[in-house]
Amino acid sequence: MLVYLLRRIALAGLMLFGLVCLTFAIANVAPSDPAALAAGPDAGRSQIEQVRREYGLDRPLPEQFVRYVGDLVQGEFGRSVATGRSVGRDLARYFPATLELCLVAMAFGMLAGISLGMLSALFKDRWLDHAMRIFAVSGIALPPFWFGLLLQLGFAAWLGWLPTSGRIGVSTDPGDPITGLLLVDSLLRGNGPLFVQCLSYIALPALVLSLPCLASILRVNRSEMVEALRADYITAARAHGVSRWRLVTVHALKNAMLPTLAIIGLRWGWMMSSTVLVETVFDWPGIGLYAVSSAIAGDFKPVMGVTLIIGLNFMLVNLVVDLLYGVLDPRLRHA
Amino acid sequence: MALSRGVRLAAWQLGRSFASMLGLVLVAVIVVLALIGPWIVPYPDDVAGAVRLSGKLQPPSAAHWFGTDEVGNDVLTRTIIGARLSLLVGIGITFAAAAIGVPLGILAGTVGGRVREIIMRLTDLFLSVPGLVLAIALVAALGAGIVNAMIALVLVWWPGYVRLAESKALSIREEAYIEAARVAGAPRLRILWRHVLPNSISPIIVKMSMDIGQAILAVASLGFIGLGAKPPTPEWGAMISIARGYLPDWWWYAIFPGAFIYASVLGFNLLGDGLRDILDPRSNRG
Amino acid sequence: MTTTRRAILHGAALSALAPSMSWAFDKDGDRKILVFSGNQAVPVLDPHVRYDWSTRMIQQSVYDGLLKYVGNPPRIIPWLAEKYEASPDGLTYTFHLVGNAKFHNGDPVDAEAVRYSFERALKLNAGVAWMLKDFLKPEKITAVDAKTVRFVLERPFQPFISYVPWWYIVNPKQVQANVVDGDYGKKWLTENEAGSGPFKLKRFDSTALIHMDAVPDYWKGWPMGDKNRLSGVIYRIVREAAPRRAGLQRREMDVVTNMSPDDMQQLAKLPGVRAEDHPGSTTFGIKFNCQTGPTADINLRKAIAYAFDYEALITIHNGGAKLMDSPFPPTMEGHIPVPGIPRKDVAKAKEFLAKTKTPSGGIELEYVHVQGLEDARRIGLVLLDSLRTLDIKLNIVGQPWPTMVARGSKPDTAANMTSVYVTPIGTDPDTVAFQYHRDSWGLYYGMSHYEDKEAWAMIAEARGLTDKARRMALYGEIQKRIVADQPEIFGMIPNRTWAMRDYVKGFEFSPVRFTGEVDLYPMWIDA
């Protein structure tokens with residue numbers, strides 16, 4: 001078991017270094033001139049060269065790589081050439097927003113996915129089940145950006161129930177961050193209206209983001225439930241008069257947990273990808289939007305920084321899921 | 001003949017499931033539109049760059065079923081031609097990724113050892129960053145454009161095929177008939193070609209079918225962000241990205257291309273599911 | 001449930017009773033906060049490093065200059081300098097500062113601060129430096145006494161005064177206290193300010209939100225009276241147009257800009273919304289590469305210029321634009337309508353095409369525009385359609401601004417055609433004419449790499465002339481010459497538009513400001 005753990009961690013470390021090399025390799029195929037970016041629209045040639053020297057963009061590649069790795073070890077992701085600010089600082093500023101969005105989406109996806117999956121299994125082959133199955137397939141096929149636009153159109157523009165975009169009201173001051181997660185912070189401060197406002201802003205983007213995850217969890221839970229409900233011990237319990245409800249919630253649910261966990265690991269990566277699209281549609285100030293606006297502006301350090309952070313985060317989540325799996329799955333525990 | 005019976009069985013199985021039939025119908029519609037699109041569209045000039053500003057941003061009507069866009073082009077025409085582009089791109093990416101990934105995977109699975117280690121580590125590396133994020137990084141480096149978007153997506157997609165082919169090849173390696181062929185002295189390549197490949201093909205076909213839909217979605221996503229096709233190419237994602245600026249008053253511009261993306265992806269997904277039921281019924285359903 | 005700004009303010013105020021301090025913003029009596037929304041971030045606030053419309057709007061609010069541009073037509077009024085004199089030979093300028101100007105931290109605005117600021121801008125050699133650096137050396141600026149500053153130019157330079165309002169004055173004590181590694185305070189001034197302007201920075205998030213508080217005892221006072229003045233201004237950066245529209249409709253925002261002409265048409269119809277629509281001074285031109293490629297041939301340039309559908313430019317703007325009739329915008333001193341400036345004439349276009357190396361077309365050209373600018377993209381589509389009559393194909397490329405500028409800075413890499421919006425920085429015709437001079441090659445407005453030695457000589461001469469009549473006559477000649485050489489397709493001058501709630505007062509339009517930029521100082525809310 002310990003061996004498994006250590007090996008897994010060592011592997012992750014190796015992957016991380018590979019990731020660093022990969023991002024550096026990508027970064028140096030850039031066709032646009034990063035120095036011109038920093039210098040601004042009215043810069044003359046001499047000003048651009050000045051900036052190039054300042055940012056070390058004229059040194060040979062191997063030297064740039066060594067500098068890059070050294071910087072990363074210190075937590076320095078370079079400077080955004082467009083804003084002149086440290087990418088690390090930008091990432092720290094925007095990451096909590098993405099984290100909050102993904103957590104809420106994941107939580108909702110799990111809750112809704114498990115409950116709907118349960119319902120679907122219990123009412124197997126009735127109309128509810130069919131509707132759920134179609135819904136499940138849709139969840140994966142629906143383009144997140146299009147669905148987001150539809151929701152914006154419907155709930156925000158036409159009905160006016162929810163805000164169109166952003167994370168918080170224009171003139172609302174959320175105060176200094178405690179955890180960085182606005183929902184948590186507002187609860188910690190006991191500020192009800194602020195909490196409700198934040199909830200209204202996160203509702204639509206989280207819904208869109210949660211859909212593929214919800215769909216997957218629904219399908220898995222449904223099939224696991226169906227399997228579990230058919231299992232012998234369930235039949236035995238039923239014969240003993242245990243209520244169907246109890247069977248489902250206690251026994252079947254426990255068994256469905258493991259595959260759901262696996263899905264979460266898989267879907268977390270998917271979510272990180274989709275967050276790029278959802279943040280763009282809803283103007284959510286997270287690292288996804290940061291990456292997109294930087295990519296369009298030809299600003300590489302931020303794009304690389306975001307790629308690294310998301311890759312790292314994805315690796316960590318997978319590592320945790322693998323470890324948890326190892327702990328929870330009795331078959332693996334004794335491997 | 002076994003083949004025709006197999007085909008008839010498959011068709012019957014497919015026909016039994018409503019979902020698979022729906023998938024088949026959707027895919028068929030998209031394919032037909034892609035094939036005969038240029039001949040049936042009402043305003044073919046609108047895809048070549050005609051500009052009719054006086055008719056801009058018109059709502060859906062008899063003359064323009066899907067309305068017009070910001071330069072007066074017919075949205076229906078551009079959406080249908082977009083089908084051709086999206087389908088080609090989706091198929092291209094999937095086939096290219098498979099062409100790279102499958103041989104590598106089979107190689108890794110059958111040869112094993114050092115070669116396998118290297119290939120699998122490389123695969124894991126590319127899989128360590130979620131797809132769209134890696135694609136954005138690649139396109140940001142290469143420059144926006146549909147070709148670069150395709151290259152980036154192939155680079156993102158090929159690892160999936162390696163994994164699949166490798167695990168299939170590994171399991172087949174143990175099969176008795178492979179052992180028999182090896183004992184009989186068949187050269188490795190022949191074993192690969194005549195035995196391993198045909199037996200691993202089923203899950204690969206299922207995956208490819210579903211991936212075409214996902215590839216279409218991925219290209220549209222990149223187009224939506226602004227890193228894909230350029231105007232006046234009628235790519236669905238790029239159309240939606242521009243249409244976004246015209247919401248909510250001129251909503252038709254964004255709605256229809258998106259609906260087509262949804263229909264395509266849904267179709268290929270359902271079809272893939274159906275194919276899986278036929279070709280690979282023992283596989284773990286997720 | 002539309003959440004109005006006031007509802008949030010109330011909610012915030014109520015919850016201020018809870019035992020936590022910083023998150024309810026301070027209200028100044030019953031004063032209002034103006035919320036202004038646009039699509040452009042403010043990456044660097046340092047007034048001597050960088051400027052663009054959003055950046056300068058904030059800079060003009062937190063800093064002061066010796067002089068200031070106001071009004072339409074724009075005029076220069078005294079600001080930190082209550083008066084100035086110029087010597088007859090045009091070399092020496094003496095400014096006398098007002099007695100009561102103070103920086104936000106209480107330090108007086110004195111001559112040394114002015115000297116330091118100009119010196120800093122010249123030494124950093126970025127942002128505004130280009131305007132004066134060839135004519136002013138930092139050693140030639142002297143603080144004669146606490147309230148008098150003297151500038152001695154290297155050569156007479158008529159446009160000098162027209163550039164001075166853009167050189168903001170920073171507090172040397174604050175800047176020096178925050179110098180890091182001899183960077184002249186650049187790092188600190190990126191997100192902080194050391195100014196004397198009517199507003200001070202409260203919160204600065206360069207890509208999301210900038211919150212400024214009004215300075216209650218601003219040395220120049222408040223034109224709307226202290227009772228009516230704002231508590232502060234929030235500049236909210238929202239990249240997409242739809243949320244800005246929604247924000248204005250729901251009264252979460254009071255003023256929005258960067259709306260498309262189609263959006264403006266819809267917004268103007270809404271109750272409670274006022275559309276401000278003013279003829280601008282920003283010219284839109286499609287610059288040809290006059291040095292390399294097919295467009296180096298003047299006949300091809302003329303052919304394209306005559307094939308282009310100019311009326312489409314007006315239609316795209318729903319009538320809110322004027323076609324250029326000269327390289328100079330009509331608001332510029334010395335502007336003349338140049339006779340014979342090209343308009344759509346397909347026959348003439350084909351005539352010119354016949355004289356080129358490719359008389360029947362069959363070539364492909366590249367058109368580059370700023371990525372994200374919808375109007376420039378649409379104009380590209382119009383160009384594509386226009387060129388079909390000449391059988392010329394067009395490749396439309398959207399690039400980020402810095403990439404476009406970098407490419408356009410050299411004749412070998414500049415695209416065949418690049419579309420650029422240029423706003424003249426001042427009221428002096430030199431600002432526009434100089435764009436066609438050899439020294440402007442490499443800058444974003446010099447992407448045409450225009451070459452005409454006689455024109456250059458005329459432009460250089462006009463800079464130094466002191467006789468106004470002669471100068472203007474010369475500029476007339478220059479305009480005619482430039483049009484004849486056709487270094488670009490002369491496009492249109494789009495109107496400047498803002499949509500605001502009708503309770504917003506004090507909006508003053510001045511064409512010398514950039515598109516979208518407003519002077520926040522005189523604005524207030526009457527509700």
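In this predicted model, B:D74 is in contact with B:P42, B:Y43, B:D46, B:H64 and B:T68, leaving aside its neighbours within four places in sequence. B:D74 sits in the loop between helix 2 (18–40) and helix 3 (75–111) of chain B. Along the chain, B:D74 and B:Y43 are 31 residues apart. Their C-alpha atoms, however, are separated by 6.7 Å. B:D74 counts as buried because it has 26 C-beta neighbours inside 10 Å, and the cut-off for a buried residue is 20 or more.

Chain B also touches chain A. The contact involves 39 residues of chain B and 44 residues of chain A. Four helices of chain B each supply at least two residues of its side: helix 4 (113–127), helix 5 (131–142), helix 8 (188–225) and helix 10 (252–279). Helix 5 of chain B gives the largest share, ten residues. By class, the side of chain B that touches chain A has 27 nonpolar, nine polar and three charged residues. One residue of chain B illustrates the contact. B:A137 touches A:I26, A:V303, A:M304 and A:T307, not counting residues up to four places away in sequence.

Chain B has a contact with chain C as well. Here 18 residues come from chain B and 21 residues from chain C. The side of chain B that touches chain C divides into ten nonpolar, four polar and four charged residues.

Chain A has 14 helices and zero strands. Of its 335 residues, 48% are buried. Contacts in chain A between residues at least 6 apart in sequence were also examined. Of these, 71% join residues at least 24 apart.

The largest nonpolar core holds 253 residues. Within this core, B:A135, B:I136, B:A137, B:V139, B:L153 and C:V233 touch the most other members. Helix 9 (residues 192–230) of chain A gives the most to this core, with 18 residues. A second, separate core has 67 residues. Among its members are C:I304, C:A376, C:A414 and C:A415.

Chain C contains an open sheet of seven strands. The strand order is 8-9-10-1-11-20-12, and the pairing is mixed. Strand 8 (199–205) and strand 12 (273–278) of chain C are the edge strands, and each pairs on one side only. From one strand to the next, the twist averages 20 degrees. Strands of a sheet pair through backbone hydrogen bonds, either parallel or antiparallel.

Strand 20 (residues 496–501) of chain C pairs with strand 11 (residues 255–257) of chain C in the antiparallel sense, over three bridges. In this pairing, C:V256 has C:A499 of strand 20 as its bridge partner. Strand 20 of chain C also runs antiparallel to strand 12 of chain C, and six bridges join the two. C:R274 stands opposite C:M500 in strand 20 of chain C.

In a regular strand the side chains alternate between the two faces of the sheet. In strand 20 of chain C, C:R496, C:W498 and C:M500 point one way. C:T497, C:A499 and C:R501 point the other way. Six of the six residues of this strand are buried, so strand 20 of chain C is largely enclosed by the rest of the structure.

Helices lie across the strands of this sheet. Helix 2 (residues 53–62) of chain C lies across strand 1 (33–38), strand 8, strand 9 (209–214) and strand 10 (232–237) of chain C. Helix 2 of chain C runs at about 140 degrees to strand 8 of chain C. Helix 8 (residues 261–269) of chain C lies across strand 12 and strand 20 of chain C. Helix 8 of chain C runs at about 135 degrees to strand 12 of chain C.

The model scores ipTM 0.84 and pTM 0.81. Chain C has a mean pLDDT of 88, and 94% of its residues reach 70 or more. Over residues 1–27 of chain C, however, the pLDDT is below 50. This stretch has 38 contacts in the model beyond near neighbours in sequence. Where pLDDT is low, the predicted coordinates should not be read in detail.

Terms used: Residues numbered from 1 in each chain as written. Chains lettered and ligands numbered in written order. Predicted model: local features only at pLDDT ≥ 70, side-chain atom pairs only at ≥ 80, totals over all residues. Contact = placed C-beta atoms within 7 Å. Nonpolar A, V, L, I, M, F, W, Y, C, P; charged D, E, K, R; others polar. Core = buried A, V, L, I, M, F, W, Y, C linked by C-beta atoms within 7 Å. Buried ≥ 20, exposed ≤ 12 C-beta atoms within 10 Å, placed from the backbone. pLDDT = per-residue confidence, 0-100. Pairing = 2+ DSSP bridges. Axes fitted to C-alpha atoms, helices over the stretch in contact; angles between N-to-C directions.
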